[in-house]
Amino acid sequence: MLTVKPIRTKAEQELFCAKCNIPYDVDLLAYSAHVDDVFVGMCQFGIKGERGYIKNIVSHEGIDDFEAMFIMGRGTLNFIDLCGAHEAECARDAGEPRLLTALGFKDTGEENLYADLHGMFDGKCSDRK
């Protein structure tokens, strides 16, 4: 069974970062994904004002579980949206390009990829661009 949950301690966040071979950032929040209690990946993110930022969304080395990573990414974006930040961005190398696209990030020609969260989690279909 897949579980996605907040990483509660900075020591645990640092350990998971090492398992994913990414830099630990003490200033960021983080989620972890587990399948049958096996750690499969993590997401480090932050919120500043009306915009969220995903620094990393990566799998544990040697694990390829697109579905788990997608669900964790959507959970992260939903949390960002619930906090009142209705836009998000991520570095171009924050995760696998296919995953970032599936999560709704688009190349707008700026330094980072961009996702408009307005209406993404309201349960309605819309003509959002």
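This is a predicted model: local features need pLDDT of at least 70, side-chain atom pairs count only at pLDDT 80 or more; totals for chains, interfaces and linings use all residues.

Visitor: How do you know which strands are the edge strands?

Guide: Start with the sheet, which is open and holds six strands in the order β1-β2-β3-β4-β5-β6, with mixed pairing. The edge strands are β1 (2-6) and β6 (113-116), as each of them pairs on one side only. On average, neighbouring strands in this sheet are turned by 25° against each other, direction ignored.

Visitor: What makes β1 and β2 a pair?

Guide: Two strands count as paired if there are at least two bridges between them. Between β1 and β2 (residues 29-35) there are five bridges, and the two strands run antiparallel.

Visitor: How many bridges link β3 to β2, and how many link β3 to β4?

Guide: Seven bridges join β2 and β3, in the antiparallel sense; among the residues involved, Leu29 has Phe45 in β3 as its bridge partner. Eight bridges hold β3 and β4 together, antiparallel as well. There, Cys43 stands opposite Ile57 in β4. Both counts, seven and eight, meet the requirement of at least two bridges.

Visitor: Which residues take a positive phi in the hairpins?

Guide: In the hairpin of β2 and β3, with two residues between the strands, Asp36 has a positive phi near 50°. The hairpin of β3 and β4 also has two residues between its strands, and there Gly49 has a positive phi near 65°.

Visitor: Where do helices α1 and α2 sit?

Guide: Helix α1 (residues 10-20) lies across β2, β3 (38-48) and β4 (51-59), at about 115° to β3. Helix α2 (residues 66-82) packs on the sheet and touches β1, β2, β3, β4 and β5 (87-90). The direction of α2 makes about 25° with that of β3.

Visitor: Why is Tyr31 called buried?

Guide: Buried means under 20% relative accessible area. Tyr31 has 11% relative accessibility, so Tyr31 counts as buried.

Visitor: And what is Phe79 called, buried or exposed or something in between?

Guide: Exposed would need over 50%, and partly exposed is the range between that and the buried limit of 20%. Phe79 has 31% relative accessibility, so the label is partly exposed.

Visitor: What makes Tyr31 and Phe79 an edge-to-face pair?

Guide: Ring centres must lie within 6.5 Å, and planes over 60 degrees apart count as edge-to-face. For Tyr31 and Phe79 the centres are 6.1 Å apart and the planes make 70°, which gives that label. Tyr31 sits in strand β2 and Phe79 in helix α2, so this pair ties together parts 48 residues apart in sequence. Together with Phe45, these two residues form one aromatic cluster.

Visitor: Why is the pair of Phe66 and Phe70 called stacked?

Guide: For stacking, the planes must be under 30 degrees apart. The ring centres of Phe66 and Phe70 are 6.4 Å apart with planes at 15°, so the pair is stacked. Both residues lie in helix α2, four residues apart, which is about one turn of the helix. Phe66, at 28%, is partly exposed, and so is Phe70, at 27%.

Visitor: How do you know that β3 is mostly covered?

Guide: Eight of the 11 residues of β3 are buried. For the chain, buried residues make up 39% of the 129 residues.

Visitor: What about Lys5: which residues does Lys5 touch?

Guide: Lys5 belongs to strand β1. Leaving out residues up to four places away in sequence, Lys5 touches Ala30, Tyr31, Ser32 and His34. Lys5 and His34 are 29 residues apart in sequence, and their C-alpha atoms are 8.5 Å apart. With 41% relative accessibility, Lys5 counts as partly exposed.

Visitor: Last one: how do you know that the chain agrees with a compact globule?

Guide: A compact globule of 129 residues would have a radius of gyration near 14 Å, and the chain has 14 Å, so the two agree. Along its principal axes, the C-alpha trace spans about 40 × 30 × 25 Å.

Methods: Residues are numbered from 1 along each chain as its sequence is written. Side-chain values use heavy atoms; hydrogens and water are left out. Axes are lines fitted to C-alpha atoms, for helices over the stretch in contact, and angles run from 0 to 180 degrees between N-to-C directions. Contact means heavy atoms within 4.5 Å. The radius of gyration is taken over C-alpha atoms; the globule rule is 2.2 Å times the number of residues to the power 0.38. Buried means under 20% relative accessible area, exposed over 50%, partly exposed in between (1.4 Å probe, protein chains only). Rings of Phe, Tyr and Trp (its six-membered ring) pair if their centres lie within 6.5 Å; planes under 30 degrees apart count as stacked, over 60 as edge-to-face and the rest as tilted.
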